[in-house]
Amino acid sequence: MLIVVALGGNALLRRGEPMTAGNQRANIVRAAAVLANLVDAGHSIVVTHGNGPQVGLLALQAAATSDGGTFPLDVLGAESAGMIGYVIEQELGNLLKERLFATLLTQVKVDPQDPAFAHPTKPIGPVYDEATARTLASERGWQIAPDGDKWRRVVPSPKPLVILEASVISFLVERGVIVICTGGGGVPVIARDDGSLCGVEAVIDKDLASSLLARQLKADMLLMLTDVDAVYVDYGTAAARALRRVTPKELSGQNFPAGSMGPKVSAAIEFAEATGKPTAIGKLDDAVEIVRGERGTWVDAGAPEARCADQSNAP
């Protein structure tokens, strides 16, 4: 199968973990082993990845310069995509020495009138306690929002419309190249009246962009890997239930947080409804078992009914 594998930013740099190069590489080594197992199982993969922690760190570093020469989020997104893609490609290459790889910066067209620009929801950067977050918001003009029991900066996250490099990615995939692309959801760009492109101050959701990419590539499956073992109803409560196999219709009736599981669910529904092919969501370490349907949550347009399990029985 051709699988678009979306690695969550928090799977590459775990929540609350110090944002060091060493920690990021250690997590990517772990992710690369999982991806190599998928290739060894006979699958073709295209790898996408998040960048929320990393692009937020780059923004903090840029803001700390004494000359005030900060870079916009589209440029920082491209920086983070190159940084993360480089390490993923290197560590995958260390495991799959006979394969060819390409890390590709990916431009993604968005609508300049997207309402997301007026309602930021995408969390980036480190987590803070509420008091610290409010102080930073006041000092730096940030918008902030809760993220679990902590707070983070949030930025606009417009809907991706077209992956501009999809034909290049397809060309490489057809020739057996493992492509790492759409980093951080891709670099957000808009078309001017004359058709030329320019970047915009935003971060595209990686899962929605991965769903779009999977549709443009006519992939057989969209696999979203994160630090949670499945999609849960009533997550974080005593009534939590892990969803196993659901139809898009059944999943769309549930409510999930906009800054975390919500985009994954939306991406899963979009891909399953548009293609009739499955999407799966689950924990990074369970990737091979998820593809086999043994773990995680499968969103399948052909699933006869939703199946749930108690949290204690989660895979």
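Predicted model: local features only at pLDDT ≥ 70, side-chain atom pairs only at ≥ 80, totals over all residues.
Start with the aromatic rings, where the count comes to two pairs. Select Tyr 128 and Trp 142 for one of them: the ring centres are 6.3 Å apart and the planes meet at 45°, so this pair is tilted. Now trace the chain between them. Tyr 128 belongs to strand 5 (residues 122-128), while Trp 142 is in the loop between helix 5 (130-140) and strand 6 (143-147), so the pair links parts of the chain 14 residues apart.

Next, pick Tyr 232 and Tyr 235. Their ring centres lie 5.5 Å apart with the planes at 55°, so this pair is tilted too. Buried or exposed, what is Tyr 232? Tyr 232 is buried, at 6%, whereas Tyr 235 counts as exposed at 55%.

Hop over to Phe 171 and Arg 175. The charged end of Arg 175 sits over the Phe 171 ring, 3.6 Å from the ring centre.

Finish at helix 9 by selecting residues 261-275. From first C-alpha to last, its 15 residues reach 21 Å, close to the 21 Å expected at 1.5 Å a residue. Show the side chains and look for the buried ones, among them Met 261, Val 265, Ala 268, Ile 269 and Phe 271. What do the buried residues of helix 9 pack against? Their partners include helix 7 (206-217), strand 12 (221-226), helix 8 (248-252) and strand 15 (279-283).

Note on methods:
Residues numbered from 1 in each chain as written. Heavy atoms only, no water. Phe/Tyr/Trp six-rings, centres within 6.5 Å; stacked < 30°, edge-to-face > 60°. Helix = DSSP H or I, 4+ residues; strand = E, 2+ residues; numbered from the N terminus. Buried < 20%, exposed > 50% of the residue type's maximum accessible area, 1.4 Å probe, protein only. Lys NZ or Arg CZ within 6 Å of the ring centre and 35° of its normal. Expected span 1.5 Å × (residues − 1). Contact = heavy atoms within 4.5 Å.
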